[in-house]
Structure formats: structure tokens, C-alpha cells
Amino acid sequence: MSELSLRFPRQETPILSLPHLAVAPGTILGVAGPSGSGKSSLLYLLTGLLRPGKGSIHWGETDITALSEGACDAWRRKHVGFIFQDFHLIGELSPLENVLLPAGFHGWRVPVDLRKRAADLLNLVGVPTNRGSVTDLSRGEQQRVAIARALLFDPPILLADEPTASLDRDAAENCADILFANARDNHRTLIIVSHDHTVIDRCPRVLHFDKGQLLTENEAA
Ligand SMILES: Nc1ncnc2c1ncn2[C@@H]1O[C@H](COP(=O)(O)OP(=O)(O)OP(=O)(O)O)[C@@H](O)[C@H]1O
């Protein structure tokens, strides 16, 4: 990614500027910084959910900033799992149906093996599969459903925006273990935004942002 800049309409100064960022496949990258420093915006830019005013974002051979909206959606479906800060679950659907959302609706004719994978992922993150709707779940359980959903197709790139924010210490550690193990064992890229130092401290490489600017970058020796 190079010379990236994001500005929302009627804003004079960009809310995020980043001269250059290179992330090799399999990298685990933490993103830290105070509230409003541009961390979520960075994740949205990296996946084409927001378009930069300036600059380009390449994933491998693909310049996602050059893709049409539809092509970018298709690229994202194939390559990216996204754990949103506010989960983006569908309230009237069950935990299992929410995890299966990336499979598309298609009348819910989901292949048996995919349904089993979704159930296995819910077990892995510790959410009961027998609830009628995700609105019956606690916020922490909803967060875990969002984590399971992002892992459904084992995406090469996983972006997580505060994935442990609603969890108690044990559950947070358990979910962080799952995300880090998935990245390490399967050589998946993990970019994780967090205020939780116990999560950030586990990242071998960390970007610290403030006011939309990259302040420091730390890399474990
Ligand atoms: N759609 C928008 N229009 C205008 N300004 C926006 C929009 N979305 C975000 N911003 C502003 O951009 C800045 C960065 O927001 P962002 O959500 O990326 O920060 P953050 O570091 O992720 O914050 P938090 O830790 O609170 O989630 C904030 O000042 C925010 O108010």
C-alpha cells in the first residue's frame, strides 16, 4: 500500500494518512492507538470497504483500488474474513445461520459439510448452536459468532476490529488463541485492531496510530 490518504466529504484534513505499508502473507499485525485515531478506517481501506482519496492498495497482484465496486466485493468474498467492531449479525437469524451468511442465501441449501464446519466453529468459540436467534445471546456470545463467521471459508486474510472487546478475560484469551493459532498454523494474514494490551502484546508487529498518523511501528526481535 502506498501514499494512502482518506478524507470524508467536507473534511479539510485527511482522517488517515499512511505513506507506505507492506504486509507479507502470513503476517500477524497489531494496530493500536486511541479512539478515533483511524484504526477501523484503515481496516475498511485495506479491504475496499472505503476507497482512499489518494493512493493504492495491492494485495498480491490485485490493485483493489482499481477494481469496480462489484469486482471488489467479489475479491473480498474470496479473500477476506472481517470481524466487525459491531459484529454485523442479523438479529432474527440463529447463530448457525449467521455463521453461514458468507455462503449466501440460495434458499439456505447449504452443503452438509459447510453446515458441519459452521457448527464446529461455533463449538470452537464456545457458542451454543441451539438458540433460535442471535438476539438471545449475550454481547460476548454475539462477538464469538462474528469470529466464527469470519473463519467459515478459512480466508487468507483475516481482519479483526476489536475482536475481544465484549469478552471477559478467559473468553478473550480463548478467542485470541483461536485467531493467532489460525494465522500461525495455516499461514494466514491477521490484522487485528485492539485496545487490549494482552492482544496487542502478542502481535509480532504493531502499528501505533494517533490522529490518523502512524506514530511508531514495533517489530519483535
Ligand atoms: N463516515 C464518516 N464520516 C466522517 N468522519 C468519519 C466517518 N467515519 C469515521 N470518521 C472519523 O474518522 C476518525 C477515525 O475513525 P475510526 O473509526 O477509524 O477510529 P478508530 O481508531 O477505529 O476509533 P475507535 O477505537 O473508537 O473504534 C474519527 O475521527 C471519526 O469520527
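**Figure 1. Overview of the predicted model, with seven helices and 11 strands in the protein.** The radius of gyration of the protein is 17 Å, and the globule rule gives 17 Å for 221 residues, so the protein is as compact as a globular protein of that length. Along the principal axes, the C-alpha trace spans about 50 × 40 × 35 Å. Of the 221 residues, 39% are buried.

**Figure 2. Helix 6, residues 169-186, seen along its length.** This helix has 18 residues, which at 1.5 Å a residue should span 26 Å; the C-alpha atoms at its ends are 25 Å apart, in agreement with that value. After helix 6 comes H187, which has a positive phi, near 55°.

**Figure 3. The buried and exposed residues of helix 6.** The buried residues in this helix are A172, C175, A176, L179, N182 and A183. They lie on the same side of helix 6, because the arc they cover around the axis is only 125°. R169, D170, D177, A181 and D185 are exposed, and they sit on the face of helix 6 turned away from the buried side.

**Figure 4. The elements that cover the buried residues of helix 6.** The cover includes strands and helices from several parts of the chain. Among the strands are strand 3 (28-32), strand 8 (157-161) and strand 9 (189-193). Among the helices are helix 4 (112-125), helix 5 (139-150) and helix 7 (197-200).

**Figure 5. Strand 7, residues 80-83, with both faces covered.** V80 and F82 are buried on one side of the strand, while G81 and I83 are buried on the other. Strand 7 pairs with strand 8 in the parallel sense, and the pairing runs over four bridges.

**Figure 6. G36 in the loop between strand 3 and helix 1 (39-46).** G36 counts as partly exposed because it has 13 C-beta neighbours inside 10 Å; a residue needs 20 or more to be buried and 12 or fewer to be exposed. How far apart are G36 and D210 in sequence and in space? They are separated by 174 residues in sequence, yet their C-alpha atoms are 8.1 Å apart in space.

Conventions. Residues are numbered from 1 along each chain as its sequence is written. This is a predicted model: local features need pLDDT of at least 70, side-chain atom pairs count only at pLDDT 80 or more; totals for chains, interfaces and linings use all residues. Helices (H or I, at least four residues) and strands (E, at least two) are DSSP runs, numbered from the N terminus. The radius of gyration is taken over C-alpha atoms; the globule rule is 2.2 Å times the number of residues to the power 0.38. The expected span of a helix is 1.5 Å times one less than its number of residues. The arc is that of the directions from the helix axis to the C-beta atoms. Two residues are in contact if their C-beta atoms, placed from the backbone, lie within 7 Å. Two strands pair if DSSP finds at least two bridges between them.
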